[in-house]
Amino acid sequence: MSNLRRYEPFYEGHRDRILKRVDEAYQAFQKTKTFHYPTWLYGKPLGKLVTLEVEDCPTFGDKAYIELDTQRTAFISVDMQIDFCGKKGYVDVMGYDLSQTASALGPIETALKAIRKTDMKVIHTREGHEPDLSDAPFNKILRSKIIGKGVGIGDTPDQGLGRLLVRGEKNWDIHERVYPIPGELVVDKAGKGAFGSSTLHMVLKNLGVTHLIIAGITTDVCVHTIMREANDYGYWCILMKDGTGATDHDNHLAAIKSIKMQGGVFGNVTDSKRLISALESAK
């Protein structure tokens, strides 16, 4: 039995080293209210070191900061597709108030102008299914038809732009105001999340990304799902709250609040104004 357990001292030593680093970071946070960039874990910053203000951290009413390496940070624009924020798209056809999701367009458009002047990565996601709907679950299609009163995923609504949430259709593509430019990556996904239904995790790892600034739609569905997934994989996640929107405003607010619970259970929250200010102040 002892021969089978000889590996344990190695793991115990590693755990003790990690816990020592945690204690050091905790003591530093108490003094500076800053999540300092852990060079012991990632190495020296490859780009500029950005200090970004986040809200309601560690408790509501508090203010804290998080350090980002621009070359190891990715801005993820989640599902800013016509289907979700444009006329004659999926959300519009389902009968929801389009202004709730389209409200994310302006802040993301503004933030992208500043981000594109840096060496920060930009990744866009698109939710959609194969034309034969082979990757669309039965119950997902059924629910969409019920809420759409007979028009759901794979159907073309009256005077529509194309088949709803189907890859290759005009309505499935990203809105022109926040459309990718050369050098930016687009990751297609079949589900609300991205770590299980796309190559996003592989892309982030290959790019050496450690920190994510997440925006897009909808706050309570795809954005929240991706943030939860990324958090479980150890990415530092920051929601740009004014660059998000939901089909229900109360759900939008609840999703933002839930991120802040327990000192930031899924990450932290900021806005486009603070992000742009931090980028412009970076040395």
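This is a predicted model: local features need pLDDT of at least 70, side-chain atom pairs count only at pLDDT 80 or more; totals for chains, interfaces and linings use all residues.

Trainee: Which residues line the largest cavity?

Mentor: E55, D56, C57, I259, K260, G263, G264, G267, N268 and V269. By class it has three nonpolar, four polar and three charged residues.

Trainee: Now pockets. What volume does the largest pocket have?

Mentor: About 770 Å³. Its lining has 30 residues, and V22, A25, F35, H36 and W236 lie nearest the centre. Elements giving two or more residues are α1 (8-32), β1 (34-35), α2 (39-42) and β8 (236-245).

Trainee: Which element gives the most to the lining of the largest pocket?

Mentor: α1, with nine residues. Sorted by class, the lining has 18 nonpolar, 10 polar and two charged residues.

Trainee: And the second largest pocket, what's the volume there?

Mentor: About 460 Å³. It is lined by 19 residues, with F84, Y90, Y96, K192 and V221 closest to the centre. α7 supplies the largest share of that lining, four residues, while α4 (90-93) and α9 (219-232) each supply at least two.

Trainee: Switching topic: where does H175 sit?

Mentor: In the loop between α7 (138-147) and β6 (185-189).

Trainee: Is H175 buried or exposed?

Mentor: Buried, because its relative accessible area is 14% and the cut-off for buried is under 20%. Leaving aside neighbours within four places in sequence, H175 contacts M80, Q81, I82, C85 and L105.

Trainee: Zooming out, what's the radius of gyration of the chain?

Mentor: It is 20 Å, which agrees with the value near 19 Å that a compact globule of 283 residues would have. The C-alpha trace spans about 65 × 55 × 35 Å along its principal axes.

Trainee: And what's the make-up of the fold?

Mentor: The chain has 11 helices and nine strands, and 48% of its 283 residues are buried. Among contacts with a separation of 6 or more, 70% join residues 24 or more positions apart.

Notes. Residues are numbered from 1 along each chain as its sequence is written. Side-chain values use heavy atoms; hydrogens and water are left out. On a 1 Å grid over the protein atoms alone, a cavity is a set of points where a 1.4 Å probe fits but cannot get out, and a pocket is an open set with protein on both sides within 12 Å along at least five of seven lines; lining residues have an atom within 4 Å of a point. Ala, Val, Leu, Ile, Met, Phe, Trp, Tyr, Cys and Pro count as nonpolar, Asp, Glu, Lys and Arg as charged, and the others, Gly among them, as polar. The radius of gyration is taken over C-alpha atoms; the globule rule is 2.2 Å times the number of residues to the power 0.38. Buried means under 20% relative accessible area, exposed over 50%, partly exposed in between (1.4 Å probe, protein chains only). Contact means heavy atoms within 4.5 Å. Grid points are joined across faces, edges and corners, and a volume is the space filled by probe spheres set on the points.
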